[in-house]
Amino acid sequence: MPTADFQLNFLKRIQWLLESSSYTSTYKFALLMATANLAIESGVNDDRECSISYQQLAEQFIQLYWIQALPFSDQSSDSVLRQSSTTGQASVINSILNLQHKAKTNNLSIARTQNAKLWQSTIKDIASTIKRYPARYLQSAEDKVCREFLYTYNAKEKVITLKPGIAYCFTRFSKIINKLCQQYWTEFVRKNRHNQIYFSDDVDLQQFLFHQSRQSLKVLESILIDAQQGQCFYCHKVLKNNIEVDHFIPWSKYPVDTTHNFILTDHKCNNSKRDYLAEELFYEKWLKRNQQYGHTIEQEAKTIGFITNQQRSETISQWAYQIAVEHEDLVWSPKLSIKLRPINPGLLPKLRA
Ligand SMILES: [Zn+2]
């Protein structure tokens, strides 16, 4: 893995990038967040280089900007917040608005599935925007001097290739990168003079921009219930009117909904687990559930437009548990006598195997 010096340098440069590099839109933040997510999904766990396609980045951009392309104020349907400080709206937002308009829906799942051609052409547009702007300019400052520490930009390629050690750093620092980007992003949108008319002092802009993007999960209940024989995943009590859909790997650790990450719980367990990882035995139980029912879940989830990629969900879970061991985090148990305890370090060799 990269040396401590290398990792420290990475953080310093990310800080520089957020503070000093030039930008006229929110793309820079989206690109950093998207890259962190994709580095995790790639499963890189050492010094290796890591290639990320513009197409993958475009899918992440759509997820990030989808809710943000909805009207901000319910008083005015054209109150979509401006994400560019130059004239006009950021073109990624325009591409998404165009998709929402043509697909006649504000629902991302529906837009993704009902018209494959339209979806693909939107991906293509956004991929090309990412290549022309943020990917190209991310690492340069006002002085136009390029400081390419993440990747070497090449307009002819369909991918960006993260330099050795960079993907690893993204996976280890994804949480602070995400938090910082959200903060800078929110500030940028707030300061934009075109947006001022919508803001009162108490508006929680960050909440609007980043926390409502959770899809409605109710539809997943019927898909997941059979795989759990109608019982709470954690305490085995029979689920009746108290069913809740839980992110097995908490949303706060990995903020993208992937179908295999969902399980059903009762209110009590879900409420008590909050943002913790479940104890080790549930990790194994979850892997087994996906082995057994993963395919069925995938087939059914496809019809309602949820992202499904079992391999990807498992890579993300492995990353999350590995980080937890490295940080000696607490894990959650449904037993009231335990509730929280340190994670078992013996899990690590298993994860690496
Ligand atoms: Zn329970």
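Analyst: Two residues are in contact if their C-beta atoms, placed from the backbone, lie within 7 Å. Helices (H or I, at least four residues) and strands (E, at least two) are DSSP runs, numbered from the N terminus. This is a predicted model, in which local features need pLDDT of at least 70, side-chain atom pairs count only at pLDDT 80 or more, and totals for chains, interfaces and linings use all residues. Residues are numbered from 1 along each chain as its sequence is written.

User: Which residues of helix 4 meet which residues in helix 6?

Analyst: Ser-91, Val-92, Ser-95, Leu-99 and Lys-102 of helix 4 meet Leu-118, Thr-122, Asp-125, Ile-126 and Thr-129 of helix 6. By class, this contact of helix 4 with helix 6 has four nonpolar, four polar and two charged residues. Here Ala, Val, Leu, Ile, Met, Phe, Trp, Tyr, Cys and Pro count as nonpolar, Asp, Glu, Lys and Arg as charged, and the others, Gly among them, as polar.

User: How is the geometry of such a pair expressed?

Analyst: Two packed helices are described by the angle between their axes and the distance between the axes. Axes are lines fitted to C-alpha atoms, for helices over the stretch in contact, and angles run from 0 to 180 degrees between N-to-C directions. The axes of helix 4 and helix 6 (residues 116-132) come within 9 Å and cross at roughly 175°. Helix 4 is therefore roughly antiparallel to helix 6 (under 35 degrees is roughly parallel, over 145 roughly antiparallel, 65 to 115 roughly perpendicular and the rest oblique).

User: At what angle do helix 3 and helix 4 cross?

Analyst: The axes of helix 3 (residues 54-66) and helix 4 (residues 91-102) cross at roughly 80° and come within 10 Å. These two helices, helix 3 and helix 4, are therefore roughly perpendicular to each other. Phe-61, Ile-62, Tyr-65 and Trp-66 of helix 3 make the contact with Val-92, Ile-93 and Ile-96 of helix 4. This contact of helix 3 with helix 4 comprises seven nonpolar, no polar and no charged residues.

User: Which residues of helix 9 are buried, and how are they arranged around the axis?

Analyst: An α-helix has 3.6 residues a turn, so residues three or four places apart point the same way. A residue is buried if 20 or more other C-beta atoms lie within 10 Å of its own, exposed if 12 or fewer, and partly exposed in between, with C-beta atoms placed from the backbone. In helix 9 the buried residues are Ser-174, Ile-177, Asn-178, Cys-181, Trp-185, Phe-188 and Val-189. They cover an arc of only 95° around the axis, which puts them on the same side of helix 9; the arc is that of the directions from the helix axis to the C-beta atoms. The buried residues of helix 9 pack against helix 1 (4-20), helix 2 (27-42), helix 8 (166-172) and helix 10 (205-210).

User: Which residues other than glycine have a positive phi?

Analyst: Most residues other than glycine have a negative phi, and most peptide bonds are trans. Among those with a positive phi are Gln-229, at about 50°, and Arg-274, at about 45°. Gln-229 is in the loop between helix 11 (221-224) and strand 3 (243-247), and Arg-274 is in the loop between helix 12 (267-273) and strand 5 (277-278). Gln-229 is exposed, with 9 other C-beta atoms within 10 Å; Arg-274 also counts as exposed, with 9 C-beta neighbours inside 10 Å.
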